[in-house]
Amino acid sequence: SGVSIRSREFTGSGFITDLARSDRLKVESDDSSYKWGKLGAKLNGTIDTGYLIYVDCGYLHALEGYTYAEEWPEDISEIETYIV
């Protein structure tokens, strides 16, 4: 609630989602901009994936997900997250 997606692109091996700026996405101070990539997940018990989180001027700006060797699954029934 209160978060809007500006665009989403599927690449075959993942996706990138751009988010509209929202106070609900304020995660850092105004002078913080960075890319964080230590989040992983195993999808459907077998597909290893990684994620990049983009922060711009303190706001979560985009989320990128990708697989390491396989196509992104059309259906996801299970997600097991972990910190790399």
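Contact here means heavy atoms within 4.5 Å; keep that cut-off at hand for the tour. The model on your screen is predicted, so local features need pLDDT of at least 70 and side-chain atom pairs count only at pLDDT 80 or more, while totals for chains, interfaces and linings use all residues. Residues are numbered from 1 along each chain as its sequence is written, and side-chain values use heavy atoms, with hydrogens and water left out.

**Stop 1: the whole chain**

Start with everything selected and a cartoon view. The chain has 0 helices and 6 strands, so its elements read β-β-β-β-β-β from the N terminus on; helices (H or I, at least four residues) and strands (E, at least two) are DSSP runs, numbered from the N terminus. Along the principal axes, the C-alpha atoms fill a box of roughly 40 × 25 × 20 Å.

Of the 84 residues, 30% count as buried (buried is under 20% relative accessible area, exposed over 50%, partly exposed in between, with a 1.4 Å probe and protein chains only). Among contacts with a separation of 6 or more, 50% join residues 24 or more positions apart.

**Stop 2: strands 3 and 4**

Select residues 34-43 and 47-56. These are strand 3 and strand 4, which pair in the antiparallel sense over 8 bridges; two strands pair if DSSP finds at least two bridges between them. Which residue of strand 4 is the bridge partner of Lys35? Look for Tyr54. Tyr34, in turn, stands opposite Val55 of strand 4.

Colour strand 4 by burial and you will find it mostly covered, with 7 of its 10 residues buried.

**Stop 3**

Strand 5 pairs with strand 4 in the antiparallel sense over 8 bridges, and Val55 stands opposite Leu60. This hairpin has 2 residues between its strands, and Cys57 in the turn has a positive phi of about 50°.

**Stop 3: the core around Ala41**

Show side chains for Phe15, Ala41, Leu43, Ile47, Tyr51 and Trp72, the 6 residues of the largest nonpolar core. Such a core is a set of buried Ala, Val, Leu, Ile, Met, Phe, Trp, Tyr and Cys residues joined through side-chain atoms within 4.5 Å. Which elements give two or more residues to this core? They are strand 3 and strand 4.

Centre on Ala41. Leaving aside neighbours within four places in sequence, Ala41 is in contact with Ile47, Asp48, Thr49, Tyr51, Ile79, Glu80, Thr81 and Tyr82.

**Stop 4: two salt bridges**

How many salt bridges does the chain hold? The count comes to 2, where a salt bridge is a side-chain nitrogen of Lys or Arg within 4 Å of a carboxyl oxygen of Asp or Glu.

- Select Lys26 and Asp30: their side chains meet at 2.2 Å, N to O. Asp30 counts as exposed because its relative accessibility is 54%, whereas Lys26, at 33%, is partly exposed.
- Select Lys42 and Asp48: this pair meets at 3.8 Å, N to O. Lys42 is partly exposed at 28%, and Asp48 is also partly exposed, at 31%.

**Stop 5**

Ile83 lies in strand 6 and is exposed because its relative accessibility is 59%.

Finish at Ser32, in the loop between strand 2 (14-19) and strand 3. Is Ser32 buried or exposed? At 15% relative accessibility, Ser32 counts as buried. Beyond neighbours within four places in sequence, Ser32 is in contact with Val55, Asp56, Cys57 and Gly58.
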